[in-house]
Amino acid sequence: MAYMNGIDVSNWQAGINLAAVPADFVICKATQGTSYVSPDCARQVEQAAGAGKLVGTYHYISGSGAVAEADFYLDNIKSWIGKYMICLDWESNQNSQWGNESYLKQVAQRIIERTGIPPVIYVQQSRLSAVKPIAEELNCGLWVAQYANMDQTGYQDAPWNEGAYSCAIRQYSSAGRLNGYNGNLDLNKFYGDKNAWMKYCNPDSAHEDAGGSTAPSNPTSPTGSTIDLVVGVMQGKYGNGDYRKAALGARYDEVQNMINHISTASVSTLASEVKAGKYGNGETRKIVLGSRYDEVQKAVNGSGKKSVAAIADEVIAGKWGNGSDRKNKLQAAGYDYNAVQAEVNKKLGSGSSNSAKHYYTIKSGDTLSEIAAKYGTTVSQLQSWNGIKNANVIYAGQKIRVK
């Protein structure tokens with residue numbers, strides 16, 4: 001099988017003369033996190049390319065925001081996309097998301113969304129089993145680091161443990177010694193020829209446009225509710241501008257109209273729509289409303305709310321439904337479900353004002369007509385006392401007044 005020898009460098013090798021170092025390929029550190037750009041990267045890349053070597057760049061993931069990291073990397077290598085290999089460095093040091101492979105997946109997905117090019121993922125062999133499924137799902141090559149020892153070495157035709165797992169690139173030493181540089185270098189073996197390398201760089205002639213993104217060709221409209229798609233947009237899944245328009249296809253107008261409405265509508269309008277359940281609950285509502293969330297939620301929870309006691313009376317009268325339906329409606333309206341339910345239970349319990357009243361807890365199989373006969377009353381009276389609209393709809397565990 002054809003293979004090539006190469007090195008990877010960072011600013012630790014600032015000033016290295018890559019034209020003088022023997023290497024079929026050079027992979028240069030470009031960025032880290034969302035603020036660091038390797039000072040020597042541009043010089044290293046251009047020098048290596050000028051010397052006729054194959055070139056790649058890599059981004060060191062720090063855990064500072066998946067989409068932000070991917071965008072920072074791509075924005076800094078824009079002129080090289082489609083020409084040189086794109087790589088992600090996933091390791092434990094200086095990475096707050098280490099062990100959370102779903103974060104790695106988000107970074108890789110964002111790169112694919114913007115460029116159409118699956119990045120090659122660098123990972124130590126001990127974490128390969130966790131990363132490999134993501135690489136396979138996203139069609140990403142693997143760049144695996146595993147060393148036999150820390151002894152100085154030159155290029156090796158058959159690195160230790162070769163063949164134990166499949167990968168595109170194997171890094172087998174960080175103590176490499178090569179002519180042309182007086183210091184340690186990371187040594188790597190690429191399993192393929194120049195054509196194989198270039199397929200990782202540009203598998204489908206994908207490239208970024210001047211705006212920094214490439215719209216997918218022949219897009220299909222995504223499925224899901226409008227809210228689901230708005231959540232995706234707010235999380236960066238569908239990009240911006242023309243890319244978003246192409247990615248959403250026929251769904252673009254409905255999704256963008258909702259986003260624009262949320263951005264421009266009054267607080268009172270959005271608060272009313274929240275109460276009507278338009279924007280969901282919990283984290284979904286928070287994502288959809290974005291920067292408007294705090295002011296809208298404050299209005300939802302504002303001074304116009306009824307007291308817990310008043311809402312409890314409405315619950316008893318049947319205005320808020322039962323079970324999970326009641327809970328969802330109360331929470332959507334900004335009420336504390338547990339506080340309201342506690343007040344309901346208190347009101348339905350025995351006390352001085354209810355000393356002449358009697359209550360019964362409905363059991364499975366009970367009917368209102370049977371309960372009415374048992375306690376010497378009528379179905380209509382039970383409905384009136386307990387706010388039951390449909391005599392055929394009662395629930396086991398429901399506490400009702402019978403006298």
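Start by selecting aspartate 8 and glutamine 171 in this predicted model: their side chains make a polar contact at 2.9 Å.

Aspartate 8 sits in strand E1, residues 4–9. What does aspartate 8 touch, leaving aside residues up to four places away in sequence? Select Ile27, Trp143, Gln171, Asp186 and Asn188.

Is aspartate 8 buried or exposed? Buried, and without a salt bridge. Go ahead and show lysine 29, the nearest side chain of opposite charge: it is 9.9 Å away.

Next stop, helix H2: select residues 66–76. Colour its buried residues, which are Ala66, Glu69, Ala70, Asp71, Phe72, Tyr73 and Leu74. Then bring up what covers them: strands E2 (25–32), E3 (36–37), E4 (54–60) and E5 (85–89) are included in that cover, and so is helix H3 (101–115).

E5 and E6 pair in the parallel sense, over 3 bridges. For one place to look, pick cysteine 87, whose bridge partner in E6 is valine 120. Trace the chain from E5 through H3 to E6 and you have followed a right-handed β-α-β crossover.

There's another right-handed β-α-β unit to trace: E6, then helix H4 (residues 128–138), then E7. Strand E7 covers residues 142–145 and runs parallel to E6, with 4 bridges joining the two. Select valine 123 and you'll find valine 144 of E7 standing opposite.

Most residues other than glycine have a negative phi. Select asparagine 139, in the loop between H4 and E7; its phi is positive, near 65°. Asparagine 139 counts as exposed because its relative accessibility is 63%.

Then jump to asparagine 161, in the loop between E7 and strand E8 (169–176). Which phi does asparagine 161 have? Near 70°, again a positive value in a residue other than glycine. At 31% relative accessibility, asparagine 161 counts as partly exposed.

Note on methods:
Residues numbered from 1 in each chain as written. Predicted model: local features only at pLDDT ≥ 70, side-chain atom pairs only at ≥ 80, totals over all residues. Heavy atoms only, no water. Buried < 20%, exposed > 50% of the residue type's maximum accessible area, 1.4 Å probe, protein only. Contact = heavy atoms within 4.5 Å. Lys, Arg positive; Asp, Glu negative; His and termini not counted. Salt bridge = Lys/Arg side-chain N within 4 Å of Asp/Glu carboxyl O. Polar contact = N/O pair within 3.5 Å; in protein donor to acceptor, adjacent residues only side chain to side chain. Pairing = 2+ DSSP bridges. Right-handed = clockwise from strand over helix to strand, strands pointing away.
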